[in-house]
Amino acid sequence: MGIRRDSPKNSPRKKTTLKHLFDLDPKPYVGSPFPSPHRGGGGTDYEHDGILSAISYCTSVFTFTDPQESPSQQDLKRLKLMDVVSLLKSPKKPLHEQLFSPLMSMVSVNLFRPLPPPSKTSIVSALPDDEELSTFTPLWPHLQLVYDILLSLVLNVDSKKLKDYIDHQFIRNLLYLFQSEDPRERESLKNVFHRIYSRFTSYRSFMRKAMNEVFLHYVFETEKHCGIGELLEIWGSIINGFGVPLKEEHKLFLMRVLLPLHKPKGLQVYHRQLAYCVSQFVQKEPALGGVVVRGILRYWPITNCHKEVLLIGELEELVENIDPDQYRTLALPLCSRITRCFNSCNSQVAERALYVWNNEQFVKMASEAMKEVFPVVVEGMERNLKLHWSKSVKQLTENVKAMLEEMDPPLYDKCLREIHHRESEAHREQIKRQQKWDQIETAAAKHSHFLQPTKTICVSSH
């Protein structure tokens, strides 16, 4: 899409007469970015040519890192971009269709560029809302205005007129830019992409599939992408508009895309947006709660304590929206995982898991399968009281123990007796094992001369 200049090149030159001077507008529109149009027929061409000139100048790209670039030219481009933004936001008259092509060409030239190699901090140690670790692009003074121009076009121009310019390749190029390490650019991209999704209804299926490809490539191949959180925010708004009952396509997206996103080690960067998307599905169809809980348990981390704390909180929120008919089937796997968490040597994980027992819905779910749940939980409580190093964890364990004893005292006492019985049996087995080893060592000591190596003298003959 090259830049077209549709104004005539050889327009007849007007003579400067007294009547012509009177025809000029003595008070141009205040704040107008371009010269005021004449009242005669040639004024529109004059303004049109000025707009094209500004757009053409904005197609020149500055890197802001090359010492040979002129700062004055950079400032001039920024001013011309501001003029174009003012023109698009002006309510005086609609934008001429002949400007669509040069405008979209200018937007593409400025936005669609190769991104620098990712830095280690943005991938490995990036945390939510941590501006210190973010990398800011020096191009932002120009890019910000270009994104404003694109957003104004998407909002104010009929989508049918823009379909020739905003096509599938244009959308793929926008998705690529979500890998930018600059959070300001990703925020602008999110707004533009969401508006395109809402206005270009025929592109919605393609845009969902394209975003899913980014997610799957991130989960199963690279685990390196800066824009997963922003893409999930877009998906959160999309899911919010799904009708009930949910389509099979949307349920597959939950199971094959959203749940595996709990696996990567960078989960903490986008967990808030991911948890919102998942909870939206469960709120719309509570029967999906069982699938979601088992999926999260399948991707439970082994050594990442921070992820464990996040997932415990997500499970606690999900329990409040799960269909009560599934409480009995989910009680044992959920309580078993929570028990292993409050036995963790990490005090933050242990405390967060113990606080789950303050949730009324979680306690209600556990009470649906008390005979299966209590033996597991009580054994974990007793282990904490005997072996855990943290005093605060032991105190919280005492509080939860008192609550469980009140729920069903006979069952709790029965579980304690079974624990003591298993411990005594294990102690007797240990004594028998030690006695057998003592017998083996005694027998070996009696016949020690058989085990000693024979001494030989080697004589070499020369």
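Biologist: Which side chain has a polar contact of 3.0 Å with the side chain of Asn-343?

Modeller: Arg-383 does. A polar contact is a pair of N or O atoms within 3.5 Å; within protein, one must be able to donate a hydrogen and the other to accept it, and residues adjacent in sequence count only if both atoms are side-chain atoms. Keep in mind that this is a predicted model, where local features need pLDDT of at least 70 and side-chain atom pairs count only at pLDDT 80 or more, while totals for chains, interfaces and linings use all residues. Residues are numbered from 1 along each chain as its sequence is written, and side-chain values use heavy atoms, with hydrogens and water left out.

Biologist: Okay, where is Asn-343?

Modeller: In the loop between helix 16 (327–342) and helix 17 (347–355). Helices here are DSSP runs of H or I with at least four residues, numbered from the N terminus. If you skip its neighbours within four places in sequence, Asn-343 is in contact with Gly-380, Arg-383, Asn-384 and His-388; contact means heavy atoms within 4.5 Å.

Biologist: Switching to salt bridges: how many does the structure hold?

Modeller: There are 15. A salt bridge is a side-chain nitrogen of Lys or Arg within 4 Å of a carboxyl oxygen of Asp or Glu.

Biologist: Why would such side chains pair at all?

Modeller: Side chains of opposite charge can do that when their charged atoms come close.

Biologist: Which residue does Glu-372 pair with?

Modeller: Arg-328, at 3.5 Å from N to O. Glu-372 lies in helix 19 (residues 370–387) and Arg-328 in helix 16, so the bridge ties together parts that are 44 residues apart in sequence.

Biologist: And what does Glu-379 meet?

Modeller: Glu-379 forms a salt bridge with Arg-422 (3.6 Å, N to O). That pair also links distant parts of the chain, with Glu-379 in helix 19 and Arg-422 in helix 21 (residues 409–446), 43 residues apart. Glu-379 is partly exposed at 31% relative accessibility, and Arg-422 is partly exposed at 39%. For the cut-offs, buried means under 20% relative accessible area, exposed over 50%, and partly exposed in between (1.4 Å probe, protein chains only).

Biologist: What about Asp-182, buried or exposed?

Modeller: Buried, with a relative accessible area of 1%. Asp-182 has a salt bridge to Arg-184 (2.8 Å, N to O), and Arg-184 is partly exposed at 31%. There's also a network of salt bridges linking Glu-187, Lys-190 and Glu-233.

Biologist: Now rings! How many aromatic pairs are there?

Modeller: A search of the whole structure finds 11. One of them is Phe-200 with Tyr-203, a stacked pair at 5.6 Å centre to centre and 10° between the planes. Rings of Phe, Tyr and Trp (its six-membered ring) pair if their centres lie within 6.5 Å; planes under 30 degrees apart count as stacked, over 60 as edge-to-face and the rest as tilted. Phe-200 is buried at 1% relative accessible area, and Tyr-203 is buried at 9%.

Biologist: Why is the pair of Trp-235 and Phe-242 called edge-to-face?

Modeller: Because their planes sit at 75°, with ring centres 6.4 Å apart. Both Trp-235 and Phe-242 are buried. Ring pairs also join Trp-235, Phe-242, Phe-253 and Phe-281 into a cluster.

Biologist: Last one: where does Val-61 sit?

Modeller: In the loop between helix 2 (43–58) and helix 3 (71–89). Val-61 is 49 residues from Asn-110 in sequence, but 6.4 Å from it in space, C-alpha to C-alpha.

Definitions and conventions. Helices (H or I, at least four residues) and strands (E, at least two) are DSSP runs, numbered from the N terminus.
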